[in-house]
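Here's a quick tour of a few packing details. Have a look at the structure first, then read on.

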Amino acid sequence: MCAPPRSRCARRPPSKLDRVGEVVAVLRRQVEEFPGREESARLLALAQYRQGQQVEALATVRRVREHLRSEYGIDPGPRLAELESAFLNHTVVPDRAPDEPRTAPVLPVPAQPPPLPTARSGHPESGAAQEVSEDRVCYPAQYTAILAAAGEARASGARLVWVLGDVGAGKTTLVCAAVADLADAGWFATYAKAPEVDGAPEAWMWREILAELGGESVLSEDVAAPVDPFTVVRAVARRCRDLAGKGPVVIVLDDMHRCDAASLQVLRQLVSWLHREPVLVVVTARGPELPPVLRATEAALADRVAARLELAGLDLTGTRAIARDAGLVAVDSDTVDSLHRRTGGNPLFVRELSKYMAAQGESPVLPQSIRAVLSERIERLPPDALAVLQHLAVWGRAIDLDALTALACAEESEVVDGIDTAAAAGLVGFDPFGRIELDHALIRDTVYDGIPTLRRRRMHWGAVEFLERRAADRTADAADIASLAHHAARGATRTTAAHALGYVAAAARRCDDSGARAAAAEQWQAAVALHELAGHSGDAAEPADRAAMVRTLCALTGALAYFGRNSAARAARARAVQLAEPLGDRPLLVRALTCWRAPVIWGIRDWRTPEPELTAKLDAALAQTDSPAEQAWLLVTSVLESEAVGDVDQVYRRARRAVAAAEQMRDTELRCAALNALGSAITGPAMLAGWGRVADQLLRTARTARLPEYQAVAHYLRFRTACRATDLRAAARHAARAIEYASAGQLRPLLDTLQAFSAVTAVLRGDLATAEAEYRSFDARMRQSGVANEDETLLTGALTLAWARGDLSGLRERVGALYAAEPDLVAQLYVLVLLHAGDRDRARALFRHHATVRRDFYWSVTTVFRAHAAVALGETEAAGELLDALRDCSGTMAGLAGGATVFGPVDAVLADLADLIGDTAAAAAFRSRAAALLRRILAELDTLGPAPAPQPRVDHTDTAENPDPELVCG
């Protein structure tokens, strides 16, 4: 009785499965338990493939390979390797018994690209299929995949291809080869590369795209004010639609790991708007692990992704070809093997090492790393060429000759000689506009790191002085301000820090104004460092300088909070309060206390380390102010700081007071923040109706104010309402909308949180392997962001999976540690874990010691845990009380209200409680409801496929017929 029931919707009845489905169901459990059994894994993967689950089949094979390598240092046997190859080449053949001989070898069939699209009017005809030539393309399978995606885009609308790989893996070469063939087939092709320096204007690469497509310029060189992403995407979309009437369009976005947030906003909206147009977007980035902001974009556009290609390196044939092209004409097998082993098949590293060998002759010992090779080549340069490289590395992007000459403070002839020497060494090149640039980013990093620290700082400040001289002749534009901030932050000294601070703060404000939260956080962090360097935090500092530092810390807090870095945001706020208190400026202190002004999804305070001093300061400030705005912000902050510790009713009353105070103001952001706080304060059975009402009001307010981040929160509240009502279709719909607006509003915590919902749906389907993978991704996001209460958050996936498997005993140590720190919070779960571990005496003692459950957000699921424990322990008196308490939760799935966990139907435990107290009629009724709920979930899961990309629309009405108007762009 102590085991939690396995989800009854986790597996379909055998009568609804064919024989292959039964194989998958049986083998999946066996492979999860014994991941080293290759034959079981092979049969499972084969069965998954035959069910059309090609991604799951490949994942099964690769998990076994990783397990064998990590645990035993060996690779899988030939049968498993052959099966993986067959999956990749679509040459799966009927299975055979282990001892059955083959009558003929099974050879993979070379993949053929689909016929390239025939050109429309005005383009050369080309409809014939073209074979992939390995002499032209080092990654033939990936080349084919890009052409296949082009076919999908032409037939079904916009498609996205991600091409990921390490530095120099050949991403650009592969993509350009495929796009060149598409261009020959009548496609309009355009290319842009993300700037290599932070100082470029926002969405700079889309300016290049628009120029190549022949569209209007919305970001000319002379524009001083920043251009918002919405204006950019409108211009690009308009031009793409014009061209799509004449022929399909392919857009290449290269090195997107370096792109700014505005460029990603344009990408997301463009793909959404052009979903019916024949447009293929190919994105390259360093991978396979994408930066968080790119992962968010990938998630938001998942339904439009035709292929995700990871370039792991060349084989021996490709290595030989690259070495030959680099000058090693006569290269033997041993040299190729050595090159491949040292470089891992990375084309850039192969090329650089081959150039070295061609110039120096065959060396018995190759350099240990590509950086060492580049350093040796760089050190062989004469001083004038090395000086040119250093100035290019510090400048960080392409530069014209006149500017480079002025920056280096040298004669033009000396600079030209240095450029010629470096170009001959293959270290620098020229962009399409004739500007000088380093050959690739790795060379820049090698040169930059080799500059002594003091000299590097002086060179950065020299760049500042150069930009200031140039700005004196014309109005400084967005690019100059960002460049000035970049160099000022890296070149300032104690005497110039205050001067540098002006540039960095201006760049940070521009980032804030444009919604580039991650970039804003970096700039504000640099500004705080400059304040420290200038001595503004010391006791001897001028009050005005200390106040300016407080305001900078407040801005940093908000930017960090938007980016999900809760711990860092709390530290910045604490520092702001500490500096503000001695100044005697009450409004400034209130601003410091309430500077956490980002929307809140999860709790922001650490349950283990309460801060009574902060609470006391909030209460004191609240008692001293009669400003409705200050009252509202103080009450909002107080509500958010009261999670899991404050009196529930008092917290709710404060949230209502915050809303009432905010209603007196015309500040829509403040009203949204107050409604956000109210939503977090609604607990207990009122959640279902309460969240819905708050979500509706919040969505109307956020729409009026054009605040996409709060629109995302409103949809998240609707998502949770749908989850609590077990309406999976509505939950999926609102989750998609929340992701869309969270991406536009740069609200990373919400993007991270919704990762868990895909794991929950996998659990409900009974696909625990997929659920485990999704929860691993969720955990990684949580760790990376520095979420509050990390240990408790990371328990989410482990607990849900252990519940689905019917055994919580493996969590005893983790939950025990949490119980020692926060006994009231996890006591009921700990009792259940102890029961699974066989410690009934300890479980009974804790069950009786913790006789009440706090009525907060977690009340319902915690009460379900206590109910299961009561049934297992035979606690009849407690069972009656719990039955009455949980009746209002009948018809729901325990834990699902948060969208991150699921612990079965509440009616199932209500039935067990009714049985325990002898009410058999009620038990039968509850079981009937539980069965009906599971049947409904099964039916919804059958129809719940990948949701189409939400199509935002502009709508300023507020009618019952249209209760969910959306904005095109925040």
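A word on terms before we start: two residues are in contact when they have heavy atoms within 4.5 Å. Keep in mind, too, that this is a predicted model.

With that in hand, take H531, which sits in helix α22 (residues 517–533). Leaving aside residues up to four places away in sequence, H531 touches L501, H536, S537, D545, A548, M549 and T552. Is H531 buried or exposed? Its relative accessibility is 3%, so H531 counts as buried.

| Helix pair | Axes | Angle | Source |
|---|---|---|---|
| α40 (residues 859–873) and α42 (residues 906–916) | within 10 Å | roughly 35° | computed |
| α24 (residues 566–580) and α25 (residues 586–593) | 8 Å apart | about 165° | computed |

Let's start with α24 and α25, whose axes pack at an angle of about 165°. That makes α24 roughly antiparallel to α25, and their crossing is left-handed. On the α24 side the contact uses R573, A576, V577 and A580, and α25 brings L588, L589, A592 and L593. Sort the residues of this contact by type and you get seven nonpolar, no polar and one charged.

The crossing of α40 and α42 is left-handed as well. Here V864, A867, H868, A870 and V871 of α40 meet V906, V909, D912, L913 and L916 of α42.

Notes. Residues numbered from 1 in each chain as written. Predicted model: local features only at pLDDT ≥ 70, side-chain atom pairs only at ≥ 80, totals over all residues. Heavy atoms only, no water. Axes fitted to C-alpha atoms, helices over the stretch in contact; angles between N-to-C directions. Helix = DSSP H or I, 4+ residues; strand = E, 2+ residues; numbered from the N terminus. Left-handed = near helix turned anticlockwise from the far one by under 90°. Buried < 20%, exposed > 50% of the residue type's maximum accessible area, 1.4 Å probe, protein only. Parallel < 35°, antiparallel > 145°, perpendicular 65-115°, else oblique. Nonpolar A, V, L, I, M, F, W, Y, C, P; charged D, E, K, R; others polar.
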